[in-house]
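Look at the sequence and the model below. The text that follows goes from a pocket to a sheet.

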Amino acid sequence: MTLRPPSTRILSPEQGLIILNCSREKLVTSVPVAALDLYQGACVPLAREHFAADPARRARIRILSAAHGLLRPENAISTYDHRLTNRVEAMRLHERTVSAQLDAELAETPSLRHMLIVVEPLYLLALQRVFDHLDRFDQIALIPNPWGWPEGLTYLHQWGWA
């Protein structure tokens with residue numbers, strides 16, 4: 001679902017943001033590792049591979065974790081097992097962490113105009129704060145499937161990121 005027509009220009013890294021679903025499959029480790037390296041399932045490995053040689057755009061990935069909220073690729077976290085299972089948990093995550101994290105992201109990146117969100121529907125509830133800022137965005141692409149990376153590539157091509 002796209003809220004506005006896609007852009008055809010090449011976006012600088014600070015103009016785009018990608019939000020991915022966390023995954024149940026994680027690297028088993030006793031020490032914290034970078035969030036982008038921890039998650040081994042859904043579309044995180046494909047995003048990690050896609051942006052391996054592009055640190056500026058790789059830095060524009062956020063991972064929505066049921067336990068931690070929005071994680072930057074370099075945030076060090078340990079293996080955990082927590083999944084959103086109902087609307088109440090999703091709303092609690094939104095209120096407890098994600099709303100403030102999104103506000104901070106928007107304040108830190110005033111040129112942000114395009115978002116690609118690839119998360120399962122329940123996790124989308126935790127991101128509802130995005131929709132309080134629709135006037136700011138040229139494009140918000142929603143893919144309600146945590147394995148929707150191939151569809152997401154369509155938008156990344158339009159952004160000049162693929």
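What volume does the largest pocket have? The answer is about 190 Å³. This is a predicted model, in which local features need pLDDT of at least 70 and side-chain atom pairs count only at pLDDT 80 or more, while totals for chains, interfaces and linings use all residues. Residues are numbered from 1 along each chain as its sequence is written, and side-chain values use heavy atoms, with hydrogens and water left out.

A pocket here is an open set of points on a 1 Å grid over the protein atoms alone, where a 1.4 Å probe fits, with protein on both sides within 12 Å along at least five of seven lines; lining residues have an atom within 4 Å of a point. Grid points are joined across faces, edges and corners, and the volume is the space filled by probe spheres set on the points.

Strands (E, at least two residues) are DSSP runs, numbered from the N terminus. Five of them form an open sheet with mixed pairing, in the order β4-β3-β1-β6-β7; two strands pair if DSSP finds at least two bridges between them. β4 (69-71) and β7 (139-143) are the edges, each with a single partner strand, so one side of each has no neighbour in the sheet.

Strand β1 (residues 16-21) is largely enclosed by the rest of the structure, because six of its six residues are buried, meaning under 20% relative accessible area with a 1.4 Å probe, protein chains only. β1 pairs in parallel with β6 (residues 114-118) over five bridges, and Gly16 stands opposite His114. Four bridges join β1 to β3 (residues 61-65), also parallel, where Leu20 faces Ile63.

Notes
Buried means under 20% relative accessible area, exposed over 50%, partly exposed in between (1.4 Å probe, protein chains only).
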